[in-house]
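Please keep the sequence and the 3D view open while reading.

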Amino acid sequence: MAAFKPLIREILASGTPGETVEVQGWVRSRRDSKTVTFLMLNDGSNQVGLQVVADTTRFPEELIKAITTGAAVWAQGRLVESPGSGQKLEVQADALQLVGAADPQSYPLQKKGHSLDFLRTIPHLRLRTNTFGAVFRVRHHLSQAIHRFFDERGFVWLHTPIIAGSDAEGAGAMFRVTTLPVLPEQKPLEELLAEDFFGTEARLTVSGQLQAEAGALALSRVYTFGPTFRAENSNTTRHLAEFWMVEPEAAFFDLQDNIRLAEEFLKYLMRYVLERCPEDLAFLARHYQADLITRLQACLEASFARITYTDAIRLLESSGEAFEFKPQWGMDLQSEHEKYLAEKYFKGPVVVTDYPKDIKAFYMRQNGDGLTVAAMDILFPGIGEVIGGSQREERLEYLQQRMREMHIRSEELEWYLDLRRFGSVPHSGFGMGVERFLAYLTGMSNVRDVILSARTPKNIAF
RNA sequence: UCCUCGGUAGCUCAGUUGGUUAGAGCACCUGACUGUUAAUCAGGGGGUCGCUGGUUCAAGCCCAGCCCGGGGAGCCA
């Protein structure tokens with residue numbers, strides 16, 4: 001098998017001074033001297049790139065001049081130890097080619113740093129910046145770590161559907177999927193839907209959990225990893241209309257097993273990225289969050305704090321903190337409450353368990369007290385809820401009773417009830433928002449900056 | 001959706017009480033200098049002040065509506 005031309009990362013890892021190499025990439029900056037031109041080349045394979053030194057007397061002036069910031073360049077030359085102070089190795093060019101020019105008048109990226117705000121308007125080009133190179137390399141390694149973690153523990157990757165038939169789960173507004181014309185003829189809804197692609201209403205999924213439960217009650221341990229959609233009109237640093245979610249589901253797991261799985265999972269991911277991406281994390285720390293690496297390491301060493309919802313309410317009540325919303329049993333924790341718990345009181349990830357049943361989903365397992373369910377949320381400093389999960393209600397009668405109480409139409413969920421009719425077992429699972437956790441890992445403060453192109457209200461370009 | 005801050009050169013921003021021809025740094029172009037590291041120095045080009053309407057002798061600045069963006073809230077992962 002013939003080898004591909006090496007990436008810059010590979011050249012720097014295994015190249016030896018004196019050998020002839022080929023380099024290809026995009027120019028981050030050009031610095032001219034009387035007799036030499038310095039090209040900082042980056043191909044996205046690492047943070048630092050590789051400096052190509054071109055003797056100006058050996059190349060046409062027009063060629064050198066055309067190699068501007070953003071241009072794509074191919075070079076061949078000798079790998080040598082650099083006399084300059086910024087890098088160990090550099091390439092003395094023998095051959096140089098402009099592969100693709102970039103008009104310096106209109107190329108939007110400069111050698112100087114840009115605001116994340118501005119870069120969000122050019123998602124197709126921001127990938128070429130140090131910041132987004134780092135973010136997307138970390139995102140890749142994070143994804144690999146997710147698969148490895150579950151594979152090592154016998155979890156099967158289950159590809160759950162993207163198009164969903166019903167909104168029975170009630171996890172927020174859903175996008176409709178249709179092939180009907182934009183302005184349909186006036187007809188009764190039933191008739192219209194009958195003509196639609198699926199012959200009934202279809203929507204984009206908000207979760208693969210219910211199908212994952214079917215998987216878990218057959219394969220014992222499964223997980224999903226894919227895109228998820230919410231049509232909520234949310235405009236925050238933590239919400240996207242399209243985001244990626246990981247949802248493990250395990251048979252014979254109770255809530256405690258579930259929490260242990262989640263904590264091991266998050267720590268595995270942190271450890272993996274710390275090991276694989278030291279250069280990128282160091283860059284992100286330098287530019288966005290000075291204590292990023294020490295914070296991750298500290299998070300790895302300590303056990304996640306645990307508290308029941310009821311105790312959390314008591315703690316908030318007696319905190320002496322001037323909350324805008326008074327903590328009250330039966331009400332959802334407000335952002336300010338979550339922030340107090342994770343950032344001020346516990347100063348790290350905290351697992352809140354056993355929420356009142358009325359503020360949680362119908363499928364969560366009812367506790368013996370008749371008031372709470374076996375739910376757990378994991379709250380992180382800065383980003384809030386990263387994981388939400390529960391032990392599922394495996395008892396048919398309890399599940400049906402909750403569905404009646406919450407006015408959930410059971411016709412569409414008969415298949416889900418079947419899982420309780422035939423060989424039901426205790427089982428648990430959770431969902432993790434990949435972008436939220438990635439934001440925590442990279443020190444980015446907005447989930448829009450850790451995804452290729454953010455889908456948010458009024459934003460679909462690229 | 002609500003609250004709040006904002007929209008002035010390619011980018012980041014300044015612009016006084018409403019008053020002549022709207023500025024700076026960086027980027028870009030030209031030149032000088034230099035094994036450079038966000039190179040440096042000198043000069044130059046570059047503007048529908050978000051849009052629409054209004055007040056006024058006069059609007060970047062005041063008023064109204066709308067559009068777009070940031071942050072916060074709600075909802076959630």
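Chain A has 15 helices and 16 strands, and the model that shows them is a predicted one. Taken along the principal axes, the C-alpha atoms of chain A fill a box of roughly 85 × 60 × 50 Å. Of the 462 residues in chain A, 49% are buried.

Among the atoms of RNA strand B that come within 4 Å of the protein, sugar and phosphate account for 52%. The residues of the surface near RNA strand B divide into 25 polar, 17 charged and nine nonpolar.

Which elements each supply at least two residues of that surface near RNA strand B? They are the strands β1 (20–32), β5 (89–100), β11 (242–251), β15 (384–391) and β16 (427–433), together with the helices α3 (116–119) and α12. Of the elements that contribute to the surface near RNA strand B, β15 gives the most, with four residues.

In Q92, a polar side-chain atom lies 2.7 Å from a base oxygen of RNA strand B. In L240, by contrast, a backbone N or O atom lies 2.9 Å from a base nitrogen of RNA strand B. In E385, a backbone N or O atom lies 2.9 Å from a sugar or linking oxygen of RNA strand B.

Helix α12, already named for its part in the surface near RNA strand B, also packs against another helix. Two packed helices are described by the angle between their axes and the distance between the axes. Helix α11 (residues 309–317) and helix α12 (residues 335–345) pack at an angle of about 80°, and their axes are 11 Å apart. Because angles of 65 to 115 degrees count as roughly perpendicular, α11 is roughly perpendicular to α12. On the side of α11 the contact is made by A312, L315 and L316, while α12 brings H337, Y340, L341 and Y345 to it. The residues of this contact divide into six nonpolar, one polar and no charged.

The buried residues of α7 are Q209, L210, A212, E213, G215 and A216. What covers these buried residues includes β10 (221–229), β11, α14 and β16, and both β11 and β16 are also among the elements that supply at least two residues of the surface near RNA strand B. After α7 comes S220, whose phi is positive, near 75°.

D354, a residue other than glycine, has a phi near 55°, and its place is in the loop between β13 and β14. H407 is likewise not a glycine and has a positive phi of about 55°; H407 sits in the loop between α13 (396–405) and α14 (414–421). Is H407 buried or exposed? With a relative accessible area of 71%, H407 is exposed, because exposed means over 50%.

The loop between β13 (350–353) and β14 (375–380) also holds R365. Not counting residues up to four places away in sequence, R365 touches T372, V373, A374, Q391, R392, E393, E394 and R395. With one of these, E394, the side chain of R365 makes a polar contact to the side chain at 2.8 Å. R365 and R286, on the other hand, are 79 residues apart in sequence and 45 Å apart in space, C-alpha to C-alpha.

The last stop is S453, which lies in the segment after α15 (434–442). S453 counts as buried because its relative accessibility is 11%, and buried means under 20%. Leaving aside neighbours within four places in sequence, S453 is in contact with P123, A461 and F462.

Key: Residues are numbered from 1 along each chain as its sequence is written. Chains are lettered from A and ligands numbered from 1 in the order in which they are written. This is a predicted model: local features need pLDDT of at least 70, side-chain atom pairs count only at pLDDT 80 or more; totals for chains, interfaces and linings use all residues. Side-chain values use heavy atoms; hydrogens and water are left out. Axes are lines fitted to C-alpha atoms, for helices over the stretch in contact, and angles run from 0 to 180 degrees between N-to-C directions. Angles under 35 degrees count as roughly parallel, over 145 as roughly antiparallel, 65 to 115 as roughly perpendicular and the rest as oblique. Contact means heavy atoms within 4.5 Å. Ala, Val, Leu, Ile, Met, Phe, Trp, Tyr, Cys and Pro count as nonpolar, Asp, Glu, Lys and Arg as charged, and the others, Gly among them, as polar. Buried means under 20% relative accessible area, exposed over 50%, partly exposed in between (1.4 Å probe, protein chains only). A residue is near a molecule or strand if one of its heavy atoms lies within 4 Å of it. A polar contact is a pair of N or O atoms within 3.5 Å; within protein, one must be able to donate a hydrogen and the other to accept it, and residues adjacent in sequence count only if both atoms are side-chain atoms.
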